[in-house]
Amino acid sequence: DTGFDVDVGLHFDFADRLGLEIYDLALFEYANGQSSEELLCHGRIKWHGQWLDIDIVLTEDKEPALGTRMLKGCIMKMDFIHNTLTIDEPLPQENNLAR
């Protein structure tokens, strides 16, 4: 989702199973123009070999979403021939042009 700028979006069921605690409510505007208040949780994820503290938006959507904040500095490759998606490690900070 090109407009999803938080770290991760998960369905409520995943959050319950993971024991995530809600810390805030935030207003989001979606690509279709609709606005909605969504619950936010803190979480931890192992991303390219490092543990990161992240924000997780709880949604009705059954599909997990990876936000653009997680992709900052990464190189993402889509191979339509082999139906694969690859996300390469973030660039070192001094070379990161996506600041």
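Me: What should I keep in mind about the model before reading numbers off it?

Reply: The model is predicted, and local features need pLDDT of at least 70, side-chain atom pairs count only at pLDDT 80 or more, and totals for chains, interfaces and linings use all residues. Residues are numbered from 1 along each chain as its sequence is written, and side-chain values use heavy atoms, with hydrogens and water left out.

Me: OK, how many helices and strands are there?

Reply: The protein chain has two helices and seven strands, and from the N terminus the elements run β-α-β-β-β-β-α-β-β. Helices (H or I, at least four residues) and strands (E, at least two) are DSSP runs, numbered from the N terminus.

Me: What is the strand order in the open sheet?

Reply: The order is β2-β3-β4-β1-β5, an open sheet of five strands with mixed pairing, where two strands pair if DSSP finds at least two bridges between them. Its edge strands are β2 (22-29) and β5 (65-66), each of which pairs on one side only. Within the sheet, β3 (residues 35-47) and β4 run antiparallel and are joined by nine bridges, and Lys46 has Trp51 in β4 as its bridge partner.

Me: And how do β6 and β7 pair?

Reply: Strands β6 and β7 (residues 84-88) pair in the antiparallel sense over five bridges, with Lys77 opposite Thr86 in β7. Four residues lie between the strands of this hairpin, and Asn83 takes a positive phi near 55 degrees.

Me: Switching to charges, how many salt bridges are there?

Reply: The count comes to four, a salt bridge being a side-chain nitrogen of Lys or Arg within 4 Å of a carboxyl oxygen of Asp or Glu. One of them joins Asp7 and Arg69, with the closest N and O atoms 3.0 Å apart. Asp7 lies in the segment before β1 (8-11) and Arg69 in helix α2 (residues 68-71), so this pair ties together parts that are 62 residues apart in sequence.

Me: Are those two buried or exposed?

Reply: Asp7 is buried, with a relative accessible area of 6%, whereas Arg69 counts as partly exposed at 42%. Buried means under 20% relative accessible area, exposed over 50%, and partly exposed in between (1.4 Å probe, protein chains only).

Me: What else does Arg69 bridge to?

Reply: Arg69 also forms a salt bridge with Asp55, the closest N and O atoms being 3.1 Å apart. Because Arg69 lies in helix α2 and Asp55 in strand β4, the pair ties together parts that are 14 residues apart in sequence. Asp55 counts as buried at 18% relative accessibility.

Me: What about Thr59, which residues does it touch?

Reply: Not counting residues up to four places away in sequence, Thr59 touches Leu10, His11, Phe12 and Glu38, contact meaning heavy atoms within 4.5 Å. Thr59 sits in strand β4 (residues 50-59) and is buried, with a relative accessible area of 12%.
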